[in-house]
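My notes follow in the order in which I checked things.

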Amino acid sequence: MDQRGVRGEADDLASSPSGGVGQGGEVSESGQTEVTARPEPRLSEGLLALRRKLLDFANAKIEKAGGLVVNVDGIGLEAIIAEAGVPRSSVYRIWHSREAFLVDLLCDLASHSARGSFALQQHTIVPVRNVLATNLDRLQTSEGRRSLLADAIRVGVEANFKALRHSVEWRSHVAMIASILSAPAEARERLEAAVISTERSLVERMAEFYADVTELLGFRIKYGLSFDHMVTLGAALIEGLCMRSVLSPTVVNTPVMVDEQPWHFASLSFMAIADQFLDLVPEDEYDAGRALSSYLARLAEREATQLHLRPSS
């Protein structure tokens, strides 16, 4: 079937009660895709499976290409259909147009971005836990706890920055935000909802981690602030420095010596956030043994929950 035939079938499906998923679209005078809202139909199990297959295929192509570009106009549905080896007629029963597919793909990319971001968070969590595990003796004094917090930040934030800076998921995330800002209102609402939901999960997970570490080290969040605030500001700092590293690589990437130790600029900057958000618990209110027991119990409980929720193979 030629391109005109495919488009004609798509238009027929779009005008029918069982038309495609998501939004339709037009091309503006500037040549950019403009997307308008359409009601979402109920799809059969077969079409849902085909939808998942095509979205996964498109996601894999984007990852292989090194991430999403600044806009989605270069993504061709016809080429993806051909490479994925799926029937055109079935595809256009799911999406009535290429533009509807692109909106669905961007929403799905938000989910893929979340999975990648959870992996990136491990680049912070694992090094920090290693620092803590090998320096538990420093919990016995206020000065030891302060210096251990500094070491955890120095190591963990640098690892997080470097992983994020070279991440395909982060590059796609930046491009996705640009696509959302340029999308028409109704499509933007759906895309924003997908990204906000993803971000909420990431913030909650990191806030939980921050709370665990600060309690172990005998710190508490200052009155009126929250770990959500701290995570959000920290993410803005690190993501901003990732961008600035392109424009000012020497400033961002050259270590700064503090107390005879090299600090990455991102780590040093995050330390300033920690100083403003956290108070040290006085020694007469802190018990290292109890803090460690509480910390390990929470980790064990969380691991048990994750194993329970993990699908069996």
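I started with Trp-95 and Phe-101, and both are buried, meaning under 20% relative accessible area, where over 50% is exposed and anything in between is partly exposed (1.4 Å probe, protein chains only). The model is predicted, so I kept in mind that local features need pLDDT of at least 70 and side-chain atom pairs pLDDT 80 or more, while totals for chains, interfaces and linings use all residues. Residues are numbered from 1 along each chain as its sequence is written, and side-chain values use heavy atoms, without hydrogens and water.

Next I looked up aromatic pairs, which are rings of Phe, Tyr and Trp (its six-membered ring) with centres within 6.5 Å; planes under 30 degrees apart are stacked, over 60 edge-to-face, and the rest tilted. I found 3 such pairs. Trp-95 and Phe-101 make an edge-to-face one, with 4.9 Å between centres and 80° between planes. I also noted one aromatic cluster, formed by Phe-209, Tyr-210 and Phe-270.

Helices here are DSSP runs (H or I, at least four residues), numbered from the N terminus. How do the axes of α6 and α11 cross? They come within 8 Å, at roughly 130°, with α11 spanning residues 265-277. The axes are lines fitted to C-alpha atoms over the stretch in contact, and the angle runs from 0 to 180 degrees between N-to-C directions. I therefore wrote down α6 as oblique to α11, the class left over once under 35 degrees is roughly parallel, over 145 roughly antiparallel and 65 to 115 roughly perpendicular.

Phe-270 is one of the α11 residues in this contact, along with Ala-266, Ser-267, Met-271 and Ala-274. From α6 I listed Ala-150, Ile-153, Arg-154, Val-157, Glu-158 and Phe-161. Contact means heavy atoms within 4.5 Å.

Ser-142 is also in α6, which covers residues 142-165. Is Ser-142 buried or exposed? I read a relative accessible area of 16%, so Ser-142 counts as buried. Leaving out residues up to four places away in sequence, Ser-142 touches Leu-280 and Glu-283.

Last I checked Leu-216, in helix α8 (residues 185-217). Leu-216 is buried because its relative accessibility is 1%. With residues up to four places away in sequence again left out, Leu-216 touches Leu-132, Leu-139, Tyr-286, Ala-291, Leu-292 and Tyr-295. Leu-292 lies 76 residues from Leu-216 along the chain, yet their C-alpha atoms are separated by 5.9 Å.

Technical notes. Helix = DSSP H or I, 4+ residues; strand = E, 2+ residues; numbered from the N terminus.
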